[in-house]
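Student: I have a model open and want to learn how to read its features. Where do we start?

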Amino acid sequence: MKNSCYIILIACTCFWACKKELSTDAPTVDISLTNARSTIGDTLVFKLGDTCKFNFSGYADNVVFWGGTPGNKYEFRTRSSAFGTPTLSFTSTAQFGAQNNTLQVLATNKLPAKDSASVVNATWTDITPRTPIATSATAVNTGQVNLSDLVSGANDSLFIAFKYTGLTGSTQRTWTITNFLVNNVLSDYTYNLSSLAADNAFWTRFGNVWSPASSRWVATTTALTIVGGAATAPSNTSWIISKPLFVGRIAPDVPTATVKNITASALSTYNYKYAAVGRYKITFASYNTTPNDSQLVLKEFNVKVIL
């Protein structure tokens, strides 16, 4: 029995002695960009419509191209938050009846819960004066409404509410809200925080009249709608409230293209054409990987595209 234990111990020792980590070498790829019209300092100048022609030598398992355009910047590949300007826009129409002031647009960054008492008692800011709204069936768009004064930082959240009031005694109005968008607007990039198409399942509704169904807000992927009652219908107060909109949220940037993966042959050339004038920081990320090791080499170019 003792000899058997020694044999097992020796076998285990041999196993661990033979087990090796899978390492890899650094990529040897070299990349050049030589067809610029001119060079100013470290910046290569091209005219709009020119093709940037990159030449490759050496080898890398994988090569990823970041063109430096909005949404495709290597330095922002892990970014998930950036505080820009939160903006709201929507289009409205008002049909039937002649009742005035039946729609309010409200916002708050302090909503502790989404029960009816919390909603009614929350500290709402009436932003209706900022949001031009319809007075008839003619559609009116608000334009970009700046909401930056309602938040203090990237971690704040906003709730947007539409509050409807219809009174008994005359025909109540019918409202339709379309093109609803809340965006985080940065200097070179706009990230959508909310839209009807993406968030129709996340609206919360409250009201004092629930029959017929048309007397409450209805959310679809294209519109928020509330249908007012006839003159004999009871007075109606109805709310519809957005999900929390985290104003600093933004998607990480992604590569413009993967120009080579491990299954492809070695690169010799790659071409790219910019669609707009501007300054761009190009990054090629070349890397070799194994389950236990990763080796990365970066190559950068500063490019200016002019008319």
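Student: Is Glu-300 buried, partly exposed or exposed?

Tutor: This is a predicted model, so read every value as computed. Glu-300 has 43% relative accessibility, so Glu-300 counts as partly exposed.

Student: Which residue forms a salt bridge with Glu-300?

Tutor: General idea first. Side chains of opposite charge can pair when their charged atoms come close. Here the partner is Lys-281, with the closest N and O atoms 3.8 Å apart. The cut-off is 4 Å. Lys-281 sits in strand E21 (residues 278-289) and Glu-300 in strand E22 (residues 294-306), so the pair ties together parts 19 residues apart in sequence. Lys-281 is partly exposed too, at 36%.

Student: How many salt bridges does the structure hold?

Tutor: Six. Take Asp-199 and Lys-243, whose side chains meet at 3.0 Å, N to O. Asp-199 lies in helix H3 (residues 196-199), and Lys-243 in the loop between strand E17 (236-241) and strand E18 (245-246). The pair therefore ties together parts that are 44 residues apart in sequence.

Student: Is Asp-199 buried or exposed?

Tutor: Buried, because its relative accessibility is 5% and the cut-off for buried is under 20%. Lys-243 is partly exposed, at 25%.

Student: Which residue pairs with Arg-130 in a salt bridge?

Tutor: Asp-149, with the closest N and O atoms 2.7 Å apart. This pair links distant parts of the chain, 19 residues apart. Asp-149 is in the loop between strand E10 (145-146) and strand E11 (157-166). Arg-130 is in the loop between strand E8 (125-126) and strand E9 (140-141). Asp-149 counts as exposed at 52%, whereas Arg-130 counts as partly exposed at 31%.

Student: Now nonpolar surface. Which residues make the nonpolar patch?

Tutor: Patch members need over 30% relative accessible area. Leu-48, Val-277 and Leu-307 make a nonpolar surface patch of about 300 Å². Leu-48 is in the loop between strand E3 (43-47) and strand E4 (52-57). Leu-48 is partly exposed, at 37%.

Notes
Residues are numbered from 1 along each chain as its sequence is written. This is a predicted model: local features need pLDDT of at least 70, side-chain atom pairs count only at pLDDT 80 or more; totals for chains, interfaces and linings use all residues. Side-chain values use heavy atoms; hydrogens and water are left out. Patches are made of residues with over 30% relative accessible area and no salt bridge: like charges are joined within 9 Å, nonpolar side chains (Val, Leu, Ile, Met, Phe, Trp, Tyr) within 5 Å. Accessible areas come from the Shrake-Rupley method with a 1.4 Å probe; for residues, only the protein chains shown count as cover. Helices (H or I, at least four residues) and strands (E, at least two) are DSSP runs, numbered from the N terminus. Buried means under 20% relative accessible area, exposed over 50%, partly exposed in between (1.4 Å probe, protein chains only).
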